[in-house]
Amino acid sequence: MKKVYIETYGCQMNVNDTEVIFSILAKDGYVRTETMEEADLIMANTCSIRDNAEQRIWGRIELFNQVRRRREGTVVGIVGCMAERLKDRLLDTHKVDLVVGPDAYRSLPRLLKAITPDSPQIDVLLSRDETYADISPVRTDRNGVSAFISIMRGCNNVCSYCVVPYTRGAERSRDPHSIVREACDVFRQGYREVTLLGQNVDSYLWKSEEETVDFAELLRRVASVDPRLRVRFATSHPKDISDAVIETMAAHDNICKHIHLPVQSGSSRMLEKMRRKYDREWYLERVARIRSVIPECGLTTDVIAGFSSETEEDHAGTLSLMEEVGFDWAFMFAYSERPGTLAARKYPDDVPPEVKNRRLNEIIALQNRKSLERYRHQVGRRLTVLVEGPSKRDPDQLCGRASNNMMCVFPGGGHGTGEYVDVLVRDCTSATLICDLA
Ligand code: SAH
Ligand code: SF4
Ligand code: F3S
């Protein structure tokens with residue numbers, strides 16, 4: 001039996017891809033190890049979204065190489081988005097034996113057999129139809145409660161700053177029957193929550209001779225698997241999230257009331273240049289619609305500070321939008337120019353680093369204040385939590401998420417992982433609700 005060790009970087013889709021890779025390699029006789037030093041195959045499933053994500057991986061490649069030098073025959077592989085973006089430039093370093101892009105994981109067994117010290121192997125072909133629909137991912141989560149299910153791959157939106165369409169290829173949706181089957185399988189294995197994944201789940205569309213299934217219909221089908229199986233999804237795109245999706249969420253108790261809706265900027269001029277295909281008013285209208293149909297809906301977002309030509313006025317627009325909406329939580333980034341993107345070709349990266357960072361810090365400070373407000377707002381409420389396991393800080397306490405995605409910590413009281421528990425919110429920080437059993 002050969003041993004494989006994989007480090008995963010980037011988004012939830014990459015986490016799920018690693019699970020697909022484990023499944024493909026398991027059929028080829030590999031067992032998983034969490035100790036790099038004992039692995040025959042060391043891989044990083046990589047991310048290219050920002051320059052610092054790639055820099056971190058270069059550091060890991062150095063480390064993998066030290067292990068390879070100590071243990072002759074160890075294979076080092078780079079897979080995922082950075083493999084797709086840099087291709088044979090990774091092999092030119094002589095530090096990597098294997099380079100495989102996100103659509104080529106089925107070729108891993110063949111490539112692994114062909115590797116010799118003088119012939120590294122590469123497959124970075126992107127596909128129009130690969131969705132790995134028939135592969136049951138080997139789950140790598142630690143609690144056995146919450147599973148990822150990819151419902152689509154690639155992206156057809158060419159947001160001008162974004163590298164994903166180049167690393168993941170064209171958008172394609174996965175057969176809904178295979179998605180529902182996978183949800184049934186994980187439920188039978190004891191999982192109580194699935195997260196449906198795609199770069200833009202709202203553009204999910206499956207067409208066959210018998211049926212047309214859009215995202216609202218897919219949500220309905222997955223929610224109907226069992227009322228005890230909670231359904232989450234990410235990422236929603238402000239330009240595409242439909243009333244039907246919002247209404248389907250409202251109609252099913254087991255569809256979690258949380259939407260991750262990346263805004264990127266509060267300035268319509270920036271949004272236009274980013275090619276997001278919506279403006280500030282459209283975004284605010286979608287938020288108003290969500291809140292009118294689902295008043296208790298959790299809302300989180302992504303924000304980019306310092307995109308090309310961003311002025312103080314544009315930046316003030318982002319701050320005022322965040323103030324107005326009041327997100328529960330946000331992922332906030334300084335703009336990082338990615339080679340090959342439309343922005344890299346057309347728009348200079350002209351906001352000085354110190355200005356970018358100052359703006360980012362203002363955005364973070366505002367969001368921290370808003371998060372605390374939003375979490376405080378929950379104090380006194382009664383929430384249902386799906387137990388994920390012991391709390392990291394205090395193993396006598398349990399933790400789990402409420403429907404709105406807020407993390408709750410509460411006394412064990414004989415409850416266990418995978419159970420639904422009603423709690424009363426007593427106190428909070430800006431990232432955790434501190435609760436008592438209800
Ligand atoms: N498909 C999702 C986002 C995927 S990437 C969507 O469209 O919303 C996750 C986040 O990374 C993005 O929402 C964006 O905020 C950030 N991001 C992407 N490219 C970036 C870049 N070049 N520089 C800084 N942040 C970036
Ligand atoms: Fe990137 Fe835009 Fe696609 Fe999201 S929707 S992955 S930001 S191109
Ligand atoms: Fe990164 Fe690729 Fe995901 S670039 S964010 S791992 S799609």
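Predicted model: local features only at pLDDT ≥ 70, side-chain atom pairs only at ≥ 80, totals over all residues.

Biologist: Which helix gives the largest share of the side of domain 2 that touches domain 3?

Modeller: By class, that side of domain 2 has nine nonpolar, two polar and three charged residues. The largest share, five residues, comes from residues 243–251, which form helix α9.

Biologist: Which three residues supply more than any other three of the area that domain 2 buries against domain 3?

Modeller: The two domains bury about 1300 Å² between them, with 68% of it on carbon and sulfur atoms. Of the area on the domain 2 side, 42% is supplied by S160, Y161 and I246.

Biologist: Now the ligands: why does ligand 3 lie between two domains, and which are they?

Modeller: Its surroundings include C11, N14, V164 and R168. By class, the shell around ligand 3 has five nonpolar, five polar and one charged residues. Two domains both give residues to that shell, so ligand 3 lies between domain 1 (2–123) and domain 2 (141–256).

Biologist: And which charged residue is in the shell around ligand 2?

Modeller: That shell has six nonpolar, three polar and one charged residues. Among the residues around ligand 2 are C155, Y161 and H237, and the charged one is R276.

Technical notes:
Residues numbered from 1 in each chain as written. Chains lettered and ligands numbered in written order. Heavy atoms only, no water. Near = heavy atom within 4 Å. Domains from an automatic or database assignment. Buried area = accessible area lost by both parts, 1.4 Å probe. Helix = DSSP H or I, 4+ residues; strand = E, 2+ residues; numbered from the N terminus.
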